[in-house]
Amino acid sequence: MRTYKITSLLTITSFALFSHSYGQKMASLKDSYKNDFLIGTALNATQIEEKDPVAKVFIPKQFSAATPENIMKAEIIHPGWDKYNFDLADKLVAYGKKYNIKINGHTLVWHSQLPAFMHGMQNADSVKQYFTNHINTVAARYNGKVFSWDVVNEALNEDGTLRKSIFSDKLGPDFVTEAFRLAQAASPDAELYYNDYNNEQPAKRAGCIALIKKIQAAGVRIDGVGIQGHWRASNIPLKDIEESIVEYSKLGIKVMFTELDLGVLPNPWDGDAADVNMKATYSAKMNPYANGLPDSVQAKLTKGYEDLFKLFLKYKTNVSRVTFWGVNDGQSWLNGWPIKGRTNYPLLFDRNYQPKPAFDAVIALKK
Ligand code: XIL
């Protein structure tokens with residue numbers, strides 16, 4: 001009886017997965033865009049370990065690239081001064097190989113999600129040793145195994161100046177260049193990227209361009225820049241994004257959209273940001289679509305994705321990858337950030353892996 005139930009559940013789920021638009025097979029993002037750019041997703045531990053049977057079939061059909069959502073961050077991969085935990089990262093690499101999915105390592109140097117032993121570290125020599133050991137060890141282990149690295153994540157303020165962090169404080173303003181120098185030596189076969197949010201905004205973009213020029217002037221390799229793309233469906237800065245693709249391309253590097261999601265919920269603050277340390281308190285008013293998304297908002301989301309992918313296609317020679325920050329709406333970090341317990345709808349697939357109108361619009365651009 002029990003076996004029967006599970007089998008029929010799986011049959012229903014797989015039927016739902018592959019039947020779309022009156023029984024047609026669901027189109028594939030990676031196949032539709034194979035001549036344009038890679039299509040990536042963030043992956044969590046359950047997906048990497050293939051513990052979810054639906055995700056196991058679904059992900060390799062839709063995506064040609066993947067970024068670990070958390071498991072390569074320092075707090076997980078390097079939990080103690082001399083202690084590394086490579087288990088999940090090794091599994092991720094094996095997963096990429098098995099399914100021909102290009103892995104982008106995320107991330108070697110970032111001020112957030114640092115291991116507990118780094119909290120409050122005062123001694124500059126210790127920070128320098130951590131920084132050197134961490135990059136040398138992690139980047140060397142995965143050389144030839146990951147396609148690329150987000151070498152440094154989020155080093156800039158909104159005005160384009162260098163963010164105050166344990167790295168800028170203790171290592172000085174050249175730490176970004178030094179991180180790339182170390183990564184280049186330890187991982188010579190991987191592409192090396194700088195990644196940030198809001199770096200399509202003019203002031204932050206100018207700081208980002210200066211930072212990249214500084215790395216290049218030092219004779220150190222940088223292959224690309226990642227624009228995270230945590231935007232709101234109602235407020236996509238298309239003009240800034242287009243200018244950014246053009247301006248960054250002039251530096252001779254690739255441009256990527258690395259963490260794309262379009263939130264539809266009200267913002268607790270004035271400006272848009274994606275600082276993982278920002279938090280706000282829950283209220284029902286801030287969670288208006290707990291019981292479903294109104295058609296008008298769905299239409300806005302669809303139009304947002306359509307406009308963006310039109311732009312990405314216009315610049316397909318410059319844009320090398322577009323990665324969504326999660327597979328389906330139920331797994332998005334935006335259900336928990338910056339307010340816990342909300343229901344957001346930022347991706348192309350709904351909570352049951354069903355394609356949303358935004359998916360159809362993105363696929364239609366390639367028909
Ligand atoms: C987020 C993850 O999605 C969450 O699961 C985690 O709790 C916090 O970090 N910018 C980044 C990503 O570069 O690493 C962040 O990921 C989202 C913002």
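A cavity is a set of grid points, laid over the protein atoms alone, where a 1.4 Å probe fits but cannot get out. By this criterion the structure, which is a predicted model, holds three cavities of 30 Å³ or more. In the largest cavity lies about 210 Å³ of space, and this cavity is lined by 17 residues, with Arg 232, Asn 267, Leu 334, Trp 337 and Pro 338 lying nearest its centre. Strand β7, which spans residues 230-232, gives the most to the lining of the largest cavity, contributing three residues.

The ligand, in turn, takes up the space of the largest pocket. The ligand is surrounded by 15 residues, and the closest of these are Glu 69, Asn 70, Lys 73, His 106 and Glu 259. The shell around the ligand comprises five nonpolar, six polar and four charged residues.

Contacts between oxygen atoms of the ligand and protein side chains were then examined. In the side chain of His 106, an N or O atom is 2.7 Å from an oxygen atom of the ligand, while for the side chain of Trp 325 the corresponding distance between an N or O atom and a ligand oxygen is 2.9 Å. For Gln 113, an N or O atom of the side chain is 3.2 Å from an oxygen atom of the ligand. Taken alone, the ligand exposes 410 Å², and of that area 84% is buried by the protein.

Definitions and conventions:
Residues numbered from 1 in each chain as written. Predicted model: local features only at pLDDT ≥ 70, side-chain atom pairs only at ≥ 80, totals over all residues. Heavy atoms only, no water. Near = heavy atom within 4 Å. Polar contact = N/O pair within 3.5 Å; in protein donor to acceptor, adjacent residues only side chain to side chain. Areas by Shrake-Rupley, 256 points an atom, 1.4 Å probe, with all protein chains shown as cover. 1 Å grid on protein atoms, 1.4 Å probe; cavity = no way out; pocket = protein on both sides within 12 Å on 5 of 7 lines; lining within 4 Å. Sits in = over half its atoms within 2 Å of the grid points. Nonpolar A, V, L, I, M, F, W, Y, C, P; charged D, E, K, R; others polar. Points joined across faces, edges and corners; volume = space filled by probe spheres on them. Helix = DSSP H or I, 4+ residues; strand = E, 2+ residues; numbered from the N terminus.
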